[in-house]
Amino acid sequence: MNTPLKGLKVLDLSTLLPGPYATMLLADLGADVLRVESASRPDLVRNMAPQIDGQSAAFSYLNRGKKSLALNLKHPQASALVGELIKEYDILVEQFRPGVMARLGLDYDRLKQINPGLIYCSVTGYGQNGPYRDKAGHDLNYLAVSGAASHMGRKNSGPAPMGLQVADVAAGSHPAVISILAAVIGRQQSGEGCYLDISMADNTLAMQALMAPGALNGGADPLAESNFLNGGGFYDYYKTADNRYMAVGSLEPQFRQRLARAMNIQDNPPLETMQFKTLLQQKFRRQDLQAWRDQLQDLDACVEPVLTVSEAAQHPQFIARGVVVEKTNGERQVASTLGFDKQSIGAAPSCGEQGEEVLQALGYTPIEIEQLRASGLFD
């Protein structure tokens with residue numbers, strides 16, 4: 001049950017984060033994922049620090065359990081080779097700007113002639129049409145143009161860059177996987193594949209489920225610290241004496257009452273919201289984070305310390321859940337968190353590691369493979 005996608009074959013032409021994270025999730029579920037990548041223009045994530053066994057810890061995580069074929073997609077024979085692969089693959093994931101795959105002879109209209117059941121997923125910043133279709137962008141830009149950044153951060157300092165790539169992953173990778181799996185189910189009924197146009201900007205706008213509907217229907221636009229979820233109330237982070245933070249999410253009355261009692265705050269009848277918040281700020285500044293952890297750890301009131309990633313990995317909850325696992329080489333990774341039984345963590349491939357294996361499976365002889373290598377096809 002921990003490999004429900006066993007037998008599903010995915011051709012991954014993406015780099016960096018959104019596409020590779022999506023195909024990692026598919027690989028974690030048992031899909032056979034083949035990366036098609038350039039040897040002369042390596043994925044930038046490979047070179048991040050720290051390095052483990054010749055490639056970054058981030059690359060090892062994002063590409064675990066996958067195979068790799070080095071291929072120069074601009075080579076005259078590249079499109080023919082991908083066409084041969086497509087005969088045997090269920091899904092293609094790509095992350096180029098709109099129009100690039102067509103120039104390479106690898107657009108959906110051409111490839112579906114080879115494999116009518118192909119599910120072709122394009123993950124881009126702004127989608128395949130519209131005035132922004134050709135614009136470059138990153139997570140920060142999609143948060144900005146979708147309105148999300150306008151109600152993040154603080155009034156006085158404005159929106160702050162996030163270390164978590166919300167648009168890339170939550171608005172890119174996850175919708176891609178959901179749509180791909182829905183298309184797989186649809187294909188079981190119709191026998192036909194389809195084209196999926198995933199826009200990270202579109203999905204970032206869609207994720208603002210509590211604030212966007214009001215703004216779209218006559219309500220005020222949400223601004224920083226303007227509502228109960230973005231700092232406009234006591235649902236917030238509170239600095240401690242050692243410049244760490246505690247997170248207070250005690251929105252429900254019973255949680256607020258328990259927190260008030262634990263902090264020795266007189267809140268009956270309930271104080272005005274910002275007055276209650278000011279008292280919390282004053283209280284939390286009096287002790288270090290560890291003192292508050294000790295005092296509040298058994299309080300069922302939605303109050304938790306703000307941990308570093310390393311601290312989180314040592315938290316009893318994540319240890320009990322087996323969320324962080326250690327590979328045989330000592331590398332630690334976040335395990336698959338998709339709800340199935342935990343499984344072993346596969347290695348990430350070196351660039352082109354399975355190239356000969358893939359070509360031999362297509363019927364190429366060793367001599368033919370060497371000739372293609374000499375021609376620069378695998379550069």
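This is a predicted model: local features need pLDDT of at least 70, side-chain atom pairs count only at pLDDT 80 or more; totals for chains, interfaces and linings use all residues.
Residues are numbered from 1 along each chain as its sequence is written, and side-chain values use heavy atoms, with hydrogens and water left out.

**Stop 1: the largest core**

Select Ile91, Cys121 and Ile180, which touch the most other members of the 40-residue largest nonpolar core. Such a core is a set of buried Ala, Val, Leu, Ile, Met, Phe, Trp, Tyr and Cys residues joined through side-chain atoms within 4.5 Å. Buried means under 20% relative accessible area, exposed over 50%, and partly exposed in between, using a 1.4 Å probe and protein chains only.

Now colour the elements that each supply at least two residues of this core: α1 (18-28), α2 (57-62), β6 (91-94), β7 (119-124), α6 (139-145), α7 (166-190), β8 (194-199) and α8 (200-206). Helices (H or I, at least four residues) and strands (E, at least two) are DSSP runs, numbered from the N terminus. Helix α7 gives the most, with 8 residues.

Zoom in on Cys121. Apart from neighbours within four places in sequence, Cys121 is in contact (heavy atoms within 4.5 Å) with Leu92, Val93, Glu94, Ala176, Ile180, Leu196 and Ile198.

For a second, separate core, of 30 residues, select members including Val36, Ile86, Met101 and Phe378.

**Stop 2**

The axes of α1 and α7 come within 9 Å and cross at roughly 45 degrees, which makes α1 oblique to α7. The axes are lines fitted to C-alpha atoms, for helices over the stretch in contact, and angles run from 0 to 180 degrees between N-to-C directions. Under 35 degrees counts as roughly parallel, over 145 as roughly antiparallel, 65 to 115 as roughly perpendicular, and the rest as oblique.

To see the contact, show side chains on α1, including Tyr21 and Leu25, and on α7, including Ser173, Val177 and Leu181.

**Stop 3**

Go to Lys277 in helix α11 (residues 273-284). Lys277 is buried, at 5% relative accessible area. Leaving out neighbours within four places in sequence, Lys277 contacts Gly231, Gly233, Phe234, Asp236 and Tyr238.

Next, pick Arg373 in helix α16 (residues 366-374). Arg373 is partly exposed, at 34% relative accessibility. Not counting residues up to four places away in sequence, Arg373 touches Glu356 and Phe378.

**Stop 4: backbone details**

Most residues other than glycine have a negative phi, and most peptide bonds are trans. Here are some exceptions to select.

- Ala49 and Pro50 are joined by a cis peptide bond, with omega about -5 degrees; Pro50 sits in the loop between β2 (32-37) and β3 (51-52).
- Asn268 and Pro269 are joined by a cis peptide bond, with omega about 5 degrees; Pro269 is in the loop between α10 (253-262) and α11.
- Leu16, not a glycine, has a positive phi of about 60 degrees; Leu16 is in the loop between β1 (9-12) and α1.
- Glu225, also not a glycine, has a positive phi of about 55 degrees; Glu225 is in the loop between α9 (212-215) and β9 (236-239).
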